[in-house]
Every structure is written in C-alpha cells, then in structure tokens.
Amino acid sequence: MNKLAVIGTGYVGLVTGICLASCGHHVTCMDVDESKIDQISRGDLPLFEPGLQELHETCTAAGSLSYTTSPEEAVQDAEAVFIAVGTPPRKDGSADLSYLYAAVHDIAPFIQRNTVLIIKSTVPAGTHADIKDQLDRTTGQSVQVVSNPEFLREGSAVNDFFYGDRIVIGSTDSRAAAFVEHIYESLPGPVLHTDPQTAEMIKYSSNAFLAAKISFINEMASLCEAEGADITIVAAGMGMDKRIGESFLRAGIGYGGSCFPKDTAALLYSAQQKKLPVPLLSSIHEVNRKQPGAFIQKILDRFGSIEGKKAAVLGLTFKPNTDDLRQSPSRDVINLLTSEGAMVIGYDPLISKSRKRIWQIPLAETMEEALTGADLAVICTEWKEIVDFPPDRYPSLMKEANIFDGRNCYAIKQALHLPIYYSSVGRPVYNGL
Ligand code: NAD
Ligand code: UGA
C-alpha cells in the first residue's frame with residue numbers, strides 16, 4: 001500500500017483516485033473546485049460512471065480514500081502525486097496547459113525529496129520536461145516526473161482502469177519508473193516502459209488513430225449510401241481481418257466528447273508549429289465536422305422544409321452510459337434542426353432525469369413523451385433504452401414515423417413491413433409509409 005495523491009477530480013482523476021484506493025492504496029483526491037469536493041464528501045459523485053459510486057462508498061468506508069481542496073493536505077505525505085487536471089483546447093487548437101502549470105505551482109511547496117510526480121493529463125510531447133524544469137526551479141531539488149497517459153473511455157472507465165490494454169510509463173529514471181509500475185502491480189495489463197516524450201506521443205497517436213478509424217468508416221458510409229451497400233456489414237467484413245480489427249468502425253453522426261476533437265486539434269497544432277505537413281491528420285477532423293450537416297441534409301431531402309415540424313431528438317450525451325455533454329454531436333444536430341425552423345424536444349435517459357431544458361430546447365421525461373405527436377425522430381446516441389425501444393412503437397406515438405437514426409441502432413430488417421420511414425447512416429433507406 002502506498003500513500004498517493006490525485007490532483008483534479010474530473011472523469012480521469014476521480015476514477016483514478018477511487019480505483020487506486022480500491023487496489024489497496026491510501027489516496028487523497030484534491031480539487032480546486034470547492035463545490036465539487038463538498039458534493040463528493042457528502043457521498044454524491046459529481047459525474048456518472050458505471051460502478052464508480054459503489055467503489056467510492058466501499059473505499060471511503062474503509063478509510064482508504066479522502067478528499068480535500070488543500071494541496072498541502074493532499075501532497076505532504078504522498079509518495080506519488082498524479083496530475084489529472086483538464087487540458088482543454090485553445091481557439092487555435094493548441095492544448096491549454098494553464099491548469100496543469102497552476103496545479104504544479106500549487107503543489108510544488110509540499111513536494112518531498114522522493115515524491116514522484118505522475119502526469120495523467122493528456123499533454124503535448126515535451127510537456128514533462130517543462131513541468132520538471134518548473135518543479136526543479138521552485139523546489140530546489142531534482143523531482144522525478146513520469147508520463148503515465150490515461151486510455152480509459154467514459155462510460156466504461158472503471159472497467160478500463162482495471163482491465164486496460166496497457167499501462168504506459170514514460171520516464172528517464174528507472175527507479176521512478178519501477179515505483180510507478182509497483183503502484184499498478186495488482187492490475188493485469190501489460191506495462192510498456194519508454195521515455196516520457198514517447199509516452200506523450202503514444203497517447204495522442206492512439207486518439208488520432210481511433211478518430212481516424214471513425215472518420216474513415218464515415219467516409220465509407222457515404223460511399224455505401226451511393227452504392228446501395230450496408231456499412232454495418234461492410235464494417236463487420238472488414239473487422240474480420242485481424243489486421244484491421246472490428247472496433248471503432250461504427251458509422252454515425254461523428255465522434256464527440258472532450259478528447260478526440262481536442263487531441264486531434266492539439267496534434268495538428270504541434271505539427272503546424274514544426275511546419276510538418278500532416279494531410280491525413282487534418283482531414284480526420286474535416287470529415288467529422290461535416291457529419292451532422294450531412295445527416296440533417298437527409299432530413300431536408302425528405303421533407304423539403306422542416307419549418308414548424310416537431311422533431312424529437314433522442315440521446316444527448318456524446319456516447320451512452322455517461323452524463324458528459326462536452327462536444328456532443330447531438331448539440332450540432334439540435335442547432336441545425338432549430339435553425340431550419342423545427343420545434344425540437346429532447347430526451348436522454350440520464351440528462352432528462354435532472355434537467356428540464358438544455359441548449360434552449362425543452363426535455364421530455366420519457367422517450368414516449370418526446371415521440372408523442374412528433375413528425376420526425378432523430379437518434380443521436382445509442383443508449384440501451386433507445387436501442388431496445390421496439391421500432392413498431394414509433395408509429396403509434398408519432399404523427400408520422402419518420403426515423404433518422406444517426407447511430408444505426410436498429411437492424412434494417414427490424415424496420416421491414418412497419419409503417420415507418422427509416423433513414424440511417426451508410427445503409428439503404430427503408431420507406432414503409
Ligand atoms: P475534467 O474537466 O472532467 O476534470 C478536470 C478537473 O481538474 C476539474 O474537476 C477541475 O476543477 C480540476 N482542476 C483544475 N485546475 C486544478 C488545480 N489547479 N488543482 C486541482 N484541480 C484542478 O477533465 P477530464 O475529462 O478528467 O480530463 C483530464 C485530463 O485527462 C485531460 O488532459 C484529458 O485529455 C485526459 N483524459 C481524459 C479522458 C476522459 O475520458 N475524459 C480519458 C483519458 C485522458
Ligand atoms: C476516447 C478513447 O476511446 C479513450 O481511449 C481515451 O482515453 C479518451 O478518448 C480520452 O483520451 O479522453 P471517449 O471519448 O471517452 O474515449 O469515448 P469513445 O468510446 O472513444 O467515443 C468517442 C466518440 O466516438 C463518441 O462520440 C462515440 O459515439 C464515437 N464513436 C466511437 C463512433 O462514432 N464510432 C465508433 O466506432 C466508436
């Protein structure tokens with residue numbers, strides 16, 4: 001058991017802190033946001049992640065997990081300090097590292113001689129060296145700074161922590177690297193040791209590659225629509241080739257979230273700063289940016305005009321099983337529908353539980369309520385509740401069952417013989433009206 005601190009209690013920090021405590025470590029999580037720490041201390045987590053609340057309760061009851069707003073309290077006895085603050089995009093695409101530097105500044109006075117600083121936040125290659133310079137200057141000692149990027153996905157973050165595909169440890173100091181490996185020793189994932197700048201690049205390259213897979217399949221989906229082919233079967237056929245792999249080939253209205261858009265932009269910015277041409281990288285985002293508009297065009301092609309039509313938007317979060325709305329494609333879809341004059345009502349299995357309005361549109365309490373009297377249904381997130389909703393229920397609720405499925409929730413054969421118009425992504429349109 002080690003004494004650890006985690007700075008930043010967002011999606012990554014909170015999951016990391018709680019999961020490390022459940023591995024047997026003694027963890028103090030620290031955040032500058034007092035309301036967040038108050039809320040967590042009352043036992044109510046500020047974010048939804050399956051399985052996290054239960055682990056939090058077990059670890060706090062066991063006394064292995066505590067929360068504070070004080071950098072001193074968190075860091076003074078810690079053998080290792082994980083930094084998991086946000087690195088959001090600036091307007092020019094570069095990563096805003098101000099939260100990271102502020103956090104390092106705040107904890108520097110309490111760093112002990114052997115404390116290892118572990119960077120979990122996603123940062124451009126070379127950032128570890130700047131952080132080390134800052135720490136060495138302010139502490140007057142040589143602080144070990146290790147890059148340990150995080151690969152968890154929201155919605156399955158707890159599982160990803162325990163069963164991640166790999167643990168990357170970037171360090172120039174073998175003792176610090178061995179210590180970080182020891183912290184994770186109860187996890188089965190393979191460990192890759194490397195230098196810090198390579199670790200930082202592994203993180204960005206992985207996200208860029210996953211985003212590229214999505215943009216690639218979305219481009220193929222447009223071709224499938226033109227050729228009358230079915231992208232879901234094309235993707236399955238491609239995925240049977242082990243060199244390609246079946247994951248991240250789900251066509252749809254594009255990727256969102258706080259990471260793919262920002263990390264591809266940050267990587268692009270770094271390349272531009274170094275005057276390196278990266279045409280492939282720049283087109284990943286370009287393809288993605290056009291997905292919501294192309295999807296809305298299908299709606300306009302069907303209706304001509306959607307002025308005054310009631311549109312039920314189903315699913316608001318950027319993916320299922322999370323409450324995260326950051327950069328959700330549903331927002332672009334809603335803005336486009338609204339700008340075309342549609343009357344939009346939203347429904348999300350999680351967001352509708354706590355809010356009545358979002359992004360200037362009302363929210364229904366149930367999927368049935370959203371669909372009642374609607375001229376069109378627009379599916380933006382493949383929540384299980386939406387996937388499990390029987391397609392034959394749409395006609396009984398809607399004024400006319402025009403379903404535009406941005407996540408390919410239903411098999412085409414589920415639509416066959418139903419009085420519905422069913423348009424999805426990269427598959428033939430079914431018109432049973
Ligand atoms: P987040 O916005 O959910 O949380 C960041 C937290 O840091 C906030 O609670 C904020 O109050 C806190 N914070 C800011 N400044 C601080 C300071 N000086 N001291 C203490 N706390 C401070 O962010 P996130 O989604 O958890 O992402 C964190 C980092 O991890 C980012 O670099 C992100 O790219 C990376 N990452 C995120 C995910 C993900 O799925 N969200 C996955 C892998 C990596
Ligand atoms: C992603 C990566 O998967 C994580 O490995 C990484 O740690 C994280 O970013 C990060 O760096 O923050 P996350 O954004 O939580 O995780 O969720 P994903 O499951 O990757 O989905 C991202 C977006 O891509 C969602 O909008 C999703 O709908 C979309 N997507 C995903 C597709 O459109 N098609 C797919 O086949 C897969």
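**Exercise 1. In which helix of this predicted model does Ser 206 lie, and is Ser 206 buried or exposed?**

Solution. Begin with the secondary structure: Ser 206 belongs to helix H9, which covers residues 196-227. Next, look at the accessibility, where the relative accessible area of Ser 206 is 16%. The cut-off for buried is under 20%, so Ser 206 counts as buried. Finally, look for neighbours. Leaving aside residues up to four places away in sequence, Ser 206 touches Phe 151 and Arg 166.

**Exercise 2. Work out the strand order of the six-stranded open sheet, and find its edge strands.**

Solution. The edges are strand E10 (343-347) and strand E16 (430-431), since each of them pairs on one side only. Now turn to the helix that packs on this sheet: H12, residues 279-303. Helix H12 touches strands E13 (376-379), E14 (402-405), E15 (421-423) and E16. The direction of H12 makes about 160° with that of E14.

Then zoom in on one pair of strands. E9 (residues 310-314) and E10 run parallel and are joined by five bridges.

**Exercise 3. Describe the surroundings of Ile 403.**

Solution. First place the residue: Ile 403 sits in strand E14. Its relative accessible area is 0%, so Ile 403 is buried. Now list the contacts, again skipping residues up to four places away in sequence. Ile 403 touches Ala 377, Ile 379, Tyr 394, Ile 420, Tyr 421, Tyr 422 and Ser 423. To finish, compare sequence with space: Ile 403 and Ala 312 are 91 residues apart in sequence, while their C-alpha atoms are 9.5 Å apart.

**Exercise 4. How many disulfides does a search of the whole structure find?**

Solution. The search finds zero. Check this with two cysteines, remembering that a disulfide needs two cysteine sulfur atoms within 2.5 Å. For Cys 23, the nearest cysteine sulfur is that of Cys 19, 7.0 Å away, and Cys 23 is in no disulfide. Cys 23 has 22% relative accessibility, so this residue counts as partly exposed. For Cys 380, the nearest cysteine sulfur belongs to Cys 409 and is 9.9 Å away, and Cys 380 is in no disulfide either. Cys 380 has a relative accessible area of 2%, and is therefore buried.

Conventions. Residues numbered from 1 in each chain as written. Chains lettered and ligands numbered in written order. Predicted model: local features only at pLDDT ≥ 70, side-chain atom pairs only at ≥ 80, totals over all residues. Heavy atoms only, no water. Buried < 20%, exposed > 50% of the residue type's maximum accessible area, 1.4 Å probe, protein only. Pairing = 2+ DSSP bridges. Helix = DSSP H or I, 4+ residues; strand = E, 2+ residues; numbered from the N terminus. Contact = heavy atoms within 4.5 Å. Axes fitted to C-alpha atoms, helices over the stretch in contact; angles between N-to-C directions.
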